Amino acid sequence: MSAVAATTALFRRDIQAVVRSRSQLYSSIFTPLLLLVFLGTGVSRGLEPSALSAGNFTAYLVAGAVVMTSVFSSTFASASFYRDRDTGILRMFLSSPHSPRVILLGKSLAGVAIGSLQALVVLLVAAPFVEFDWQYGLFGGLAISLAAIVLLNVMLAGIAQALASRIQTMQGFHLLMNLVLFPLLFFSGAFFPVDGLPAWLEMLARINPLSYGVDALLLAAYADGTAGYFGLAVDFIVLAALSVAAYGLGLARMPRLTWSGR
């Protein structure tokens, strides 16, 4: 079996595992959508936020919901590493003639595909019910959104794979992912604009990798101009550079077959 065939087989295996796990599949999509329905509607009608360019908090929140979906999906997908390790399947995979990086590549590509598809579903489900400007046109905006989603998921899959190959237990993995990713999510502009925040919070937002994914999605679907945003050129340069770096880091270290590392 060639390396491409082995990667494809592992990719299909992890995709099928997620499709069969309906609770994981549905929760990753419905949680952000519920956030849009309840939080977005409540704030838009109850507080009437005037700081937003379009004044519609629900539409603004869609970008954050899409990024949140990617964060959840990448975390859950990478957790399959522990299931394979603890059941002995990972040892069997690594005993094949293929490089261990082929195994990691197949599994991580599945995580990228799962996160990207689920995030895109959230965007497409929400789009008919909110008022988007689509300043680059509908198809242009969707193309920009798709590119940002894929790059974001490549970066998140790389980070998750890098952590999974270094942390011994699934519980520790989830705790650390939550500790790292939730603060990044909240200070990314996903739930409120970063423009006008205190200087130290705005600085945190600017060095936050998730901020650039949120910014690209806001520019693609929500914003009616570029004032107050990083800009698509900056967004994609940062996302592309971080995606390559994070994905390379995720494939750099070989997985531990046991808790002791032997």
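Which residues does Ser243 touch, not counting residues up to four places away in sequence? They are Leu151, Val154 and Met155, where contact means heavy atoms within 4.5 Å. Before the tour continues, some conventions are needed. This is a predicted model, in which local features need pLDDT of at least 70 and side-chain atom pairs count only at pLDDT 80 or more, while totals for chains, interfaces and linings use all residues. Residues are numbered from 1 along each chain as its sequence is written, and side-chain values use heavy atoms, with hydrogens and water left out.

**The whole chain**

Select the chain and colour it by secondary structure. It holds 11 helices and 0 strands; helices (H or I, at least four residues) and strands (E, at least two) are DSSP runs, numbered from the N terminus. Of the 262 residues, 48% are buried, where buried means under 20% relative accessible area, exposed over 50%, and partly exposed in between (1.4 Å probe, protein chains only). Among the contacts with a separation of 6 or more, 78% are between residues 24 or more positions apart. The chain has an accessible surface of about 12,300 Å², and carbon and sulfur atoms account for 70% of that surface; accessible areas come from the Shrake-Rupley method with a 1.4 Å probe, and for residues only the protein chains shown count as cover.

Next, colour by pLDDT, the predictor's confidence in each residue, from 0 to 100. The chain average is 79, and 80% of the residues score at least 70. Confidence is lowest in helix α2 (residues 22-46), with a mean of 57, and highest in helix α10 (residues 209-222), at 93. Where pLDDT is low, the predicted coordinates should not be read in detail.

**Helix α11**

Return to Ser243, which is found in helix α11 (residues 232-252). Ser243 is buried, with a relative accessible area of 3%.

Now select Tyr247, also placed in helix α11. Is Tyr247 buried or exposed? Tyr247 counts as buried because its relative accessible area is 14%. Apart from neighbours within four places in sequence, Tyr247 is in contact with Leu105, Ser108, Leu109, Val112, Val154, Ala157 and Gly158. Display the side chains of Tyr247 and Ser108: a polar contact of 2.6 Å joins them. A polar contact is a pair of N or O atoms within 3.5 Å; within protein, one must be able to donate a hydrogen and the other to accept it, and residues adjacent in sequence count only if both atoms are side-chain atoms. Tyr247 and Ala157 are 90 residues apart along the chain, and their C-alpha atoms are separated by 7.0 Å.

**Helix α7**

Move to Asn153, which lies in helix α7. Asn153 has 0% relative accessibility and therefore counts as buried. Leaving out residues up to four places away in sequence, Asn153 touches Ser70, Val112, Gly115 and Ser116. The side chains of Asn153 and Ser70 are joined by a polar contact of 3.1 Å.

Select Ser145, found in helix α7 and buried at a relative accessible area of 1%. Beyond residues up to four places away in sequence, Ser145 touches Leu123, Trp134, Leu217 and Ala220.

Continue to Trp134, in the loop between α6 (100-126) and α7 (138-164). Trp134 is buried, with a relative accessible area of 15%. What is the phi of Trp134? It is near 45 degrees, a positive value in a residue other than glycine. Most residues other than glycine have a negative phi.

**Helix α4**

Select helix α4 (residues 80-87), where Ser80, Phe81, Tyr82, Asp84 and Arg85 are buried. Gly88 follows α4 and has a positive phi, near 90 degrees.

**On the surface**

Finally, show the surface and select Trp200, Met203, Leu204 and Ile207. These form a nonpolar patch with about 490 Å² of accessible area together. Patches are made of residues with over 30% relative accessible area and no salt bridge, with like charges joined within 9 Å and nonpolar side chains (Val, Leu, Ile, Met, Phe, Trp, Tyr) within 5 Å. A salt bridge is a side-chain nitrogen of Lys or Arg within 4 Å of a carboxyl oxygen of Asp or Glu. Leu204 is found in helix α9 (residues 199-206) and is partly exposed, with a relative accessible area of 38%.
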